[in-house]
Every structure is written in structure tokens, then in C-alpha cells.
Amino acid sequence: MARKIFIYVAAVALLLFCAGPLALTFLGSIIPDAALLSFPPRWFSKKTTLDYYNYIFTGKVPQAYDVRGAERGMITQEVRQIPNAMKNSAIVAVSVMGVNIVFGSMAAYAFARLRFRGKSLTFMGIVMCRLLPAAALIVPFYLIVQSLGLLDNKLAVVLVHSILTLPFTVLILSVFFRSIPVEIEEAATIDGADPWTTFVRITLPLSASSMVATGLFAFMLSYSEFLYALILTGTARTRTLPVVMGALSTNTDVAWGMLMGGVFLTLLPTLVLVIIVWRFVVEGIIFGGSKY
Amino acid sequence: MATRETSRYPIQWLFPVLILVIVFTIYPFAYAVWNSLFQILLVLPTKPFVGLQNYLDVVVSRYFLEALTNTLLFSLVTAPIVVVVALGVARLLLTKFVGRGVLRAVVLLPWAIPGAVSGIIWMWIFHGQFGVLNIVLYRLGIIHKYIPWLTEPSLARMAVVIAHVWTQIPFAAVLLMAALTTINKELYEAAEVDGAGPFRRLLSVTIPHIKGIMLITLIYELIIGITTYDTVYSMTGGGPGGATTLLSYYIWAESFKMLHFGRGAALGVIMALLTLVLIMTILKAIPNEIMVKEE
Amino acid sequence: MKRTMLLGLLVALLLPAVVFAGGKQEAAAPAGGPVTLEFVVWNYSLETIQDNISQFMRAYPDIKVNVTDYTWPTYHDTMVLRFKGKTQTDVFYNGEDWLPEFAAAGWAAPLEDYFPDVKQYKEKTAPYALADMTYNGKLYGLSYYADLITFQYNKKILGDNAMQPPGTWDEVLNLSLKLKAGGMTHPFAYEYNATLPNFLQAFVSQVYGRGGDMFDENLNPVFNDPNSEAFKQMQWIQDAKVKHDIMDFGSTHESKVNLAMNTGQHAFTVMYNYMLAAMNAPNTALSGQFDMTPMPGAKHGALGFAKFYCMTTQAAENPARREAAWKFIEAFGGGDYKVAKRWAVEKGLGFAALPLFDDPDVKAAWASWIDMEKFKAQAKVARNGTQTEWMGMWSEFFRPLMAKAMNGDSSVKEVMDEGAKKWSEYKKLLGK
């Protein structure tokens, strides 16, 4: 019984820690500034409002701004870029996830199972390219992308995000692939299968949960990446969510509640993705893990 | 026999990754290292070769020592915390209990938030005048005066560590969950039969089996700790004083604000070497199979 | 098997190129046809900018304007990258502290040299703004926004405590101590962030209030002299924080100072003047309670600065772009000042155009958050900051030191001496 209590206490603590700040953003987006900033603090002294979300999606100016006509300009339309930025971020992140799952796993398999000259060197090379801090590579990355004619194009962001995620994907997956008992694959070899078939028919299904994990990792890193997305996109058309959120967080015309509303919206696509994907991972864990 | 006999370079497996690496790594690395050897001040027309002078300038500069200390401390403190907490979280999420599905989804959410925005949220939590933590503690009667979380150096450092750990838990937990599922359940049962309690099982069954992944996670978190700055800077701006300044910020500052691209590049190289040394030390100190040389 | 695999790889690699095609920007327009101007801004109220541009394009159908925007905190750095990479840029937002370095680096072009007509605007421009847009004696731009850094306070709090707005820094301290005794833990909310350029500017504004300066007419530092007003002001701030504990350094950006002031836990601050409009905006918690007063100090001076439209040397080299750029800059920064007036009326942004100080529409719009006469009076004695090619770089170096002095982590003397030393180094390296 003590174990059960311990588990539930831990679960609640975890819920508070992880979700607490995010629940706060939701609260912050529906409680008016006047209540949020009151001292002594009385958060629930005023009525909550969905005006900020309304503004983001429809452009209807919140009631609080209508008090004195002359000030109606103190609200910015920049926050209405959020829906489009969400779309851009999602497209880029899904592409990066795809690149990682497909090409990353292939490279990882080569390192896990094949022998060839220059293996250590190549492996080191791929993994080491994450050593140099991002800020030091800004100028050369910018110049390369510009010479490819890809400035202000989502493809550039996908490429750069891929280079940021692939080394880790390759590293992790090669370790996971190697943890699959060799005998299973050798059984296939004896039956005459070449590396590619072994890879597709045996390795991939067995590593489903780790593939999903690394795919998720790639998605999340891309979805939340700020620095390169900032440098490589210049118009609202291609701008990603982190760049918009970064701009909003220091924009004086964005009320705190508006900013929090934007942050909360950021979570929704991720929530959807996670709900879809986790089910698959869970099944992979239940059925895949117990195979050996 | 663990591997095949092929000796031909498996170009078809590696091609896409290699192309990206070559284009986006070799040239930029070379560019950075090359630039670090010149005095490149944007407002001056000439770029004289200065050898290692930039490196020297960086190391004796006013910000270096404090930022270096802060960065190392930050990294060495957050990385183990993340790994340990994430291991607990992973273990918890694999246990059966009501609401587990919801918790699994919720734990992942901090991952989707850009670092700078996480910094804003946690700044709101820790702020001295309108911060949530102060408000909650005040309403519960635990404090009668707001605590200056972000303007007291030691408290500020603690606050940024907490915020950073929050951003890293989802990723580490996912990795460790995947790693934990590779452990055969029967090994646990065997240990239990032998009379091993939960802690003993952790040490003798769990950790040995996922050591590789744990190590990789630790190293990855160290790298992140050394190279990150957006969460911290959006919380504190590097303050108070210089208590939360981080080295990575200065690469950006040297190049784009002080317009000294040579020094910015030099700092980048210094940090890369620092990271390399750190990683090598850890890999040598803890026995593992990551760097196994093929025979 | 291998061939299929290779084929599959090839397709997978080419697919993105197909999917993402069509996302590229249009290259420069051919000569003779309509000109496309590349206009780069920081994204303050982008929709207003875009509306202004639409109106411009309607008036000049043969000029198309493409806007690229970056966020304010990253603007300078992204522009440096843009210029370094020679990305096509024609007209851009420029700031007073960046003009010397951008001009020296060969990126900004002197308008005066190409369009002597611009000189007619000089006498209609506030002196501090004009000085900020001039480099090497030549005018480089026309302003859309010019403002002051002013001393702002909560007039309700002072009224409730039967206090008059302070006229000297001693009075600021006295009032703060009284408020502190009455329960306000930190009456002064300081925008404390060494990574922001205005961290230095706010300090300079305070020094001007005292009637002092950072440098003498030969550009030599005077702030390291313990008898200088600058030294005394830094000492004042340090004492306020360490000795008297009336300072709060927790707000790292003006938007956070806005929130903090609106909790009613602070009485004083020093910020960009338009923040008064933001603090008094109808949706804030304590809307209407804030006011400005002349900068405390013997002379009540303040810092004025200008942001303006600049033309690049890249555009200047192409006759068609040059002409279009001038039409654009004059329409936006000159003419009857309708763009600046719009900013003033709708957003409370200050302006450089002298005629607007007496404009009835502006006065009426501003009445709800500031007394125009007060603003005018402060603008009359305002001065611009010292601008040199190395000011930006030196500012980057000096600001963290300032932060330490203010916080009590270093002595004021130590910080001022180091700042002076670095300034002299830069002056020797880059000065004429």
C-alpha cells in the first residue's frame, strides 16, 4: 500500500511541476491584467475573459481597450500571426521528424551492423558537429543558405534543423539497434536476406519505440528552435512560432494576457501529436519489449 | 561474430546524412576556425592576421572568468539533476496507475515551448512583484514580504536551474523510457526472488542495462548546459550583476554587438574544445561501450 | 535491391525541393520596369507600417515595397548579418547609436550627397534628432520617431502621500525613504538589463538631468572623474540599491517594468517616454495614474534620440533604386510628416518634426496620457547622446560593468576607470 501512495504522490508532484507552469499560462490568458497585477494579490476578483483568444483568431479588439477611444491603437496585430506561424512550425517540424526517422535510422544501421573502413572517423565526424555552439555557426550557415538561394524559405530551416538533430538521432539509434540481439538478425541472414531487407523487416519493427522516441525528439527540437529560424526567415509567410513568440514577449503593445494566450496556443499542436503518437509507443512497448 | 564482413563504404546508407554534414559542418567549422585567427572588426576595412591573439583576448576579457564559472557550474549541476529526475519520471510512467496516459502526455509539453518563452513563464513565476510563487506563498501566509527570487544572486541561480531542468525533463524522460523498455522483465523477477528490494534492483538490474543511454543523456545535457542561454537570459538578462551570465551568450555578443567576429569565432572554438574535454573525461571515467573500437 | 534503394533515396532527396519550391523571394526587378524596394524594419506595430506602405504604393504605382521585419532586440545583429551577407536591402530603419558604425562600415549612404533637397528639413527637426541623424557633417536620414528618456512616476501614490514630484535626486531618495517607511519595499523600479542598449541611454539621460555629460568636446571621458555628475549619479544609484535598498532590479524589460508599476508597488522609474502611454493604456491595472516630470537634477536635461529611415549604399549604386528610395524616404519621413503624426496620434510615439509639437490633433490625442507642454519643455532642453563608430561596441562592453556597479558588486571608481580605459583604446584604434 505504501508503494501505491508513493506512486500517487509522485504522480501529483510531477503533474504540478510539468503542467503547473502551463496551466498558469492558461490562467494568465483569461484573467484580466488588473486582477493579475493586483497587490495584495486577488487573482479572481474580476471576471475571466476569452477576449484575447478572440482577438488572435478573429481580430475583435478586447473590451478592455474600448474604454477610451484615443488609446485603441495600443494593441498589436502581430499576435494574429500566431495561427500561421503554428502552421509553418508544424510543417517544418514534421519534415525534420521525417528526415530523422528515414535517413537517420539508415545511417544508424550502417554504424550498428556494418563494417567498413573509415567507420570511426565518419561516426566521430557526424557526432562532433554538435560541439560548436550554435551562435558560432550563424554567419557561415547564413552565407550557405543565401548562396543556395534559400533565404526566407522553409526548406532552409528544415535543412538546418536536420543537421542539428541528425547527429543525436544517429548516435541514439545506433546504440538501440546494437542492443537488439544479433542472433535474430543472423537468423535472417542465414535465410539469404541482405542488409536492407534485414533492416526493413527485422530491425525497424523491433525498434519501433526508440524510433518514435528519436522522431519525437527531432520534432520537438525543430518545433521549439529559435535562433536559426530567426536568422533564416524574414517574412510572416515563413516565420515559425518561436520567432513570433520571441517578438511578442518583448513587444510593449502585447498585454500579458495576450502573450500567455499565444503561449497556450503553442501547446495545442504538440498535444495533438503526442496523443496520437504515444498510443503507438505504448503498443510498441507492450508488444515489442517483451519479444526478447 | 557481431558484424558483417563488408569493407565497401556503405555510401547508400550514409549519403543523405553525409551530404548535410559536409555542407553544414565542414565549411562552417573551417570558417569559424579560420576567422578566429584574424582581427575582424566590422567597422575596419582590414583584417590582419593575429594568430592566437583573439583567444588570448577572450580568455583575459572581463566577462570570461565569471561566465565560464557560471556555465560550468550550471552545466555540471543541471545535467545530473535532469538525468536522475528523468529516470524517476520514466520509471513512474511505466508503472500502472490510473491517469497514467494523461500524465504521459502532460510530461511532454514543456518540450514544445521555445527556450526563450519558457524563460518568460518561469520569470513570471519567480518575479519579485507579480510572480506567481510569491503570490501563492503570500496567500498561504507562509511569507509576509515578497521574496526577491531574481534579484538575489544565489536565488536567481537556483531559479534558472529549475527553469532549465523543467525544459529538459521531457526529452530525457522519453529517452530513458525507451531505454527502460529494453530490459527484460524476467531479470527483475529474478532479482526479486533473490530478495533484492527496489533500490537494490535499481542498482543491479536497471542501471547496468541502460548505462549506455544514461551516459548519452548525461553528455547531451552537459552539451546543452554549456551551449544554452536563451532560457536563462530571457529570465534574468544575465543578472543580477553578472550572476547568471553564460559563455554562449558572449559568442553572439562578441560577433554581433561588439562587431568583433574574430573574437566571437575564437570563443566558439574555445567552447567546442571545452565541451570535447568534458565529454572525453566522462567517457574515460565511466566504463561503457560507446567508444568501442571495431576489431 | 540496391538499385531500388538508390532510386528511392534520390526521389526522397528531390522531393523536398519540389514541395518547397515557389517559396523563394523574387530577385531584383529588371531596369526600366517597376522598382521593388527592399525595406527592413523592426516590427513595432507592423500593421501600421504595412498600411502606410499600401497608401504609398497607391500613390506611386511604379514602386513596389517589400517589407522584411525583425524583432527589436535582435534587429541590430540581424542587420549586421544581412549586410555582411550582402542581402539586397534598400531602405531600412536605423538608430542613432548605429549610424556611425553602419556608415563607417560602408552600408548607410549620406542622403545629402545624393539628394540636396533633404537639407530643407533640417531646420524643422528637433536638434537632438538632427544631431543623431548626422554623421561626418552629412544628413543620413529622415526621422519617423524621436523620443526622450524621461522620469516617470505614479502621481496617485505621490498624491495620496501628499508629496510633490521630485526635482533633484536627493529628493527622489527622500521621497523613496518615506514611501519605504510607509510599507513600499522598493519605490524605484529600474529597468535593469545589461544586454539592452537603452540601459546605457537611461543612465546618460539621468546624467543630463544633473547637467553633466559622459565625454567632453574632444570625446575624452569625464565620467571617471569622481567630481563629475556621471560619477555622482552612478554612486547615487549604487547607494540607492545597496545602502538604502529603495531600488528594484527585477524587471529586465520595459514591458515588465510596465507590469511591475501597474501592481502599485513602485512609485518611480526612468524609461522611454512612450512607456507612459503604455502604462496609462486603458487595459492596464492602474491606467491613468502615471505622469512624467522633468528629469531630476540641477539642469533637468534629458536624452533625446531619433529612429529614422536610411538608404543603403547598395541602393545608392543603382539609379532606379536610388530614386525610388528617395521618394519613399521623403514620403515617410518628410513631406507634411503625416506618417510621424500617425504614430504620435495612434501610439503615443514621440517625433522629431517641430511643427508637430503644436499640432492640435496630436495634442488632443496625447491629452489622455501626458501633458504636451511638459513634454515640449523637456524636449527643449534635451540633447542627443555621444555617437561615434565605436559607441555601440563600447556600450556593449560598459553596460555589464554598469550593472555590477549599480548592484554593488564592483566599486563605482573601478567601473568608471575601466570604462574610460576601454573608451580611450577604441578612440585610439578607430578615432580620427
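**Figure 1. Right-handed crossing of α7(A) and α10(A).** In this predicted model, α7(A) passes α10(A) in a right-handed crossing. Helix α7 spans residues 154–179 of chain A and helix α10 spans residues 208–224 of chain A; the two pack at an angle of about 160°, with their axes 10 Å apart. Because angles over 145 degrees count as roughly antiparallel, α7(A) is roughly antiparallel to α10(A).

**Figure 2. Residues at the contact of α7(A) with α10(A).** From α7(A), the contact draws on His161(A), Leu164(A), Thr165(A), Thr169(A), Ile172(A), Leu173(A) and Phe176(A). The residues contributed by α10(A) are Ser210(A), Thr214(A), Ala218(A), Leu221(A) and Ser222(A). By class, this contact comprises 6 nonpolar and 6 polar residues and no charged ones.

**Figure 3. Contact between domain 1 and domain 2 of chain A.** The domain assignment places domain 1 at residues 2–48 and domain 2 at residues 82–289 of chain A. Their C-alpha centres are separated by 32 Å. Contact involves 9 residues of domain 1 and 8 residues of domain 2. On the side of domain 1 that touches domain 2, the elements giving two or more residues are α1 (2–30) and α2 (33–36) of chain A, and α1(A) gives the most, with 5 residues. This side of domain 1 has 5 nonpolar, 3 polar and 1 charged residues.

**Figure 4. Confidence along chain A.** The mean pLDDT of chain A is 80, and 90% of the residues score at least 70. Confidence is highest in helix α4 (residues 82–113), at a mean of 89, and lowest in helix α13 (residues 256–289), at 72. Over residues 67–72 of chain A the pLDDT falls below 50.

Methods: Residues numbered from 1 in each chain as written. Chains lettered and ligands numbered in written order. Predicted model: local features only at pLDDT ≥ 70, side-chain atom pairs only at ≥ 80, totals over all residues. Axes fitted to C-alpha atoms, helices over the stretch in contact; angles between N-to-C directions. Helix = DSSP H or I, 4+ residues; strand = E, 2+ residues; numbered from the N terminus. Parallel < 35°, antiparallel > 145°, perpendicular 65-115°, else oblique. Left-handed = near helix turned anticlockwise from the far one by under 90°. Contact = placed C-beta atoms within 7 Å. Nonpolar A, V, L, I, M, F, W, Y, C, P; charged D, E, K, R; others polar. pLDDT = per-residue confidence, 0-100. Domains from an automatic or database assignment.
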